[in-house]
Amino acid sequence: MSKGLLISVSGPSGAGKDTVLAKVKEKNPGFGTSVSVTTRAPRENEVEGQDYFFRSKEEFMKMFKEGEILEYDEFVGNLYGTPTIPLQEMSEAGTDVLLDLTIAGSMALKENFEQSVTIFLLPPSFQELENRLRGRGSESEENVEARLQMARQEVSSAPGFDYVVVNDDVEEASAKIQAIITAEKCRYIRNTDIEKDM
Ligand code: 5GP
């Protein structure tokens, strides 16, 4: 059985990753989700074990030292990491997994897994990005500024990714991601057992 794809979507905060990923997930209910560990405080509607595993910095670093966290990155003062075991188990079982990672996270995935597919999601413009971040209402002014500053740096990382998708329309962007996944599944390298069945 071929391994499940590890499809990682990165992009500036406010590029619309959550909405686009939710749409892709809706169309692919069989996809697995990697629930990350974070040292960030939970937002009002976030649920432990569903949105994130919320841990102290000490607990987080202990998990990393013990190999329970595959990769981690710092984002706006907090740590975010991918739990090792669930990701490996899902992929080995042939389950495709969608991940929402920072750029460094996607790059780490690409380095470690041949079944990774990295997608860079871009907002249509910086103005739109700023509108979206402020429109959320959940971030402080300082946090919005930090996320905007970060976004400008992040865009220069696009060449390291396998694909780039501009999110000016959620339906269209999710359809493009769907097309990428379909094409990746058809790659010869993921179907080397075809001759056995002939
Ligand atoms: P937020 O605080 O908005 O939930 O997430 C901030 C950023 O952390 C997002 O851009 C998301 O991609 C990233 N992130 C979430 N989980 C992980 C993870 O496990 N590893 C890495 N590298 N980044 C993550």
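**Close-up 1. The exposed face of helix α6 in the predicted model.** Turned away from the buried side of α6 is a face that carries E142, Q149 and R152, which are exposed (over 50% relative accessible area, with a 1.4 Å probe and protein chains only). This is a predicted model, in which local features need pLDDT of at least 70 and side-chain atom pairs count only at pLDDT 80 or more, while totals for chains, interfaces and linings use all residues. Residues are numbered from 1 along each chain as its sequence is written, and side-chain values use heavy atoms, leaving out hydrogens and water.

**Close-up 2. The buried side of helix α6.** N143, V144, R147, L148, A151 and E154 are the buried residues of α6 (under 20% relative accessible area). They lie on the same side of α6 because they cover an arc of only 135° around the axis, taken from the directions from the helix axis to the C-beta atoms. These buried residues pack against β5 (69-75), β6 (78-83), α4 (103-112), β8 (116-122) and α5 (126-136); helices (H or I, at least four residues) and strands (E, at least two) are DSSP runs numbered from the N terminus.

**Close-up 3. The largest nonpolar core.** Such a core is a set of buried Ala, Val, Leu, Ile, Met, Phe, Trp, Tyr and Cys residues joined through side-chain atoms within 4.5 Å. Of its 17 residues, I7, V24, I119, L121, V165, I177 and I181 touch the most other members. β1 (6-10), α1 (17-27), β8 and α7 (170-185) each supply at least two residues, and α7 gives the most, with 4 residues.

Note on methods. Contact means heavy atoms within 4.5 Å.
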